[in-house]
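Subject: Structure handover

Hi,

Here is the structure I promised to pass on. Please open it alongside these notes.

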Amino acid sequence: MREIIFDTETTGLDSRDDRVIELGGVELVNRFPTGRTFHHYINPQGRAIHEEAQAVHGISAADLAGKPTFAEIAEEWLTFTDGAKLVAHNATFDIGFLNVEFGRLGHPVVDPGRVVDTLALARRKHPMGPNSLDALCRRYGIDNTKRTKHGALLDSELLAEVYIELIGGKQAALILDSATAPAQGENVRHIEIIAAERPRPLLPRLTEAERAAHAAMVATLGEKALWLKANASEKSIAASS
């Protein structure tokens with residue numbers, strides 16, 4: 001299964017009048033990054049960049065002088081994304097802009113069935129939020145310290161890590177050992193399961209204040225509380241293992 005995690009930066013918020021000025025994406029195959037990426041800054045052809053938008057992404061009109069137009073990078077993007085699912089955070093925004101840009105070139109709109117919105121996934125999984133990209137990076141222990149401004153390629157790389165966590169973490173790889181593969185007609189297969197390790201451990205979910213509050217509650221239970229006996233038994237087992 002092939003997926004493209006992507007992001008856009010724009011001159012403003014109105015897809016009817018504003019333009020895409022940065023487009024970036026990373027490729028996943030079977031939920032693992034392949035190392036293939038797409039990235040272009042794009043000349044908005046005279047469309048001014050709103051101050052509010054520039055404050056978010058830091059891209060100025062001077063930065064885009066001499067960059068290709070959307071028409072000049074469109075076919076490269078279509079080739080890069082051909083046949084793949086398109087994954088974005090608040091995908092309605094990004095797809096809306098791409099549809100308008102491609103509409104200007106006579107291309108059909110993106111099939112909604114190809115689109116995965118990680119914001120919708122996050123809201124279902126974490127209904128109490130927050131579910132911004134930065135908040136999800138903090139939740140899953142993903143290093144986003146380089147993200148001082150929004151950037152299409154960096155945000156795509158961070159979102160790829162977040163997306164894997166949202167859908168349940170890295171899946172085990174099933175490898176059929178050719179040396180012990182079954183003969184024709186046999187039903188038994190030798191399968192080696194290789195589980196990828198997390199590059200960084202998850203951050204603690206409990207704060208020190210929450211731990212202290214729990215300890216204070218436990219202190220009120222009395223010496224005969226079943227919880228204390230169970231906790232002592234668990235510690236004994238852990239010490240002997």
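The accessible surface of the protein comes to about 14700 Å². Carbon and sulfur atoms hold 55% of that surface. Accessible areas come from the Shrake-Rupley method with a 1.4 Å probe, and for residues only the protein chains shown count as cover.

Two notes on handling. This is a predicted model, so local features need pLDDT of at least 70 and side-chain atom pairs count only at pLDDT 80 or more, while totals for chains, interfaces and linings use all residues. Residues are numbered from 1 along each chain as its sequence is written, and side-chain values use heavy atoms, with hydrogens and water left out.

**Overall**

The protein has 241 residues, and 34% of them count as buried. Buried means under 20% relative accessible area, exposed over 50%, and partly exposed in between (1.4 Å probe, protein chains only). The secondary structure comes to nine helices and seven strands. Both are DSSP runs numbered from the N terminus: helices are H or I with at least four residues, strands are E with at least two. Take the contacts between residues at least 6 apart in sequence: 65% of them join residues at least 24 apart. Contact means heavy atoms within 4.5 Å.

**The sheet**

Five strands form an open sheet with mixed pairing, in the order S3-S2-S1-S4-S5. S3 and S5 are the edge strands, each pairing on one side only. Neighbouring strands are turned by 25° against each other on average, direction ignored. Two strands pair if DSSP finds at least two bridges between them. S4 and S5 run parallel and are joined by three bridges. Val 87 has Val 116 in S5 as its bridge partner.

Two helices to look at here. H7 (residues 152-166) packs on the sheet and touches S1, S2, S3, S4 and S5. Its direction makes about 35° with that of S2. H5 (residues 118-125) lies across S4 and S5, at about 45° to S5. Axes are lines fitted to C-alpha atoms, for helices over the stretch in contact, and angles run from 0 to 180 degrees between N-to-C directions.

**Helix H3**

H3 (residues 70-81) has 12 residues. From first C-alpha to last it reaches 15 Å, close to the 16 Å expected at 1.5 Å a residue. The expected span is 1.5 Å times one less than the number of residues.

Its buried residues are Phe 70, Ile 73, Ala 74, Trp 77, Phe 80 and Thr 81. They cover an arc of only 135° around the axis, which puts them on the same side of H3. The arc is that of the directions from the helix axis to the C-beta atoms. On the other side of H3, Glu 72 and Thr 79 are exposed. The buried residues pack against S1 (2-10), S2 (20-29), S3 (32-41), S4 (85-88) and H4 (91-104).

Look at Thr 81 in particular. Its relative accessible area is 3%. Beyond its neighbours within four places in sequence, Thr 81 is in contact with Arg 2, Ile 4, Leu 86 and Arg 114. After H3 comes Gly 83, with a positive phi near 80°.

**Helix H4**

The 14 residues of H4 should span 20 Å at 1.5 Å a residue, and its end C-alpha atoms are 20 Å apart, which agrees. Buried residues of H4 include Ala 91, Ile 95, Leu 98 and Phe 102, and also Asp 94 and Glu 101. Their cover includes S1, S2, H3, S4 and S5 (115-117). Just after H4, Gly 106 takes a positive phi of about 85°.

Best wishes
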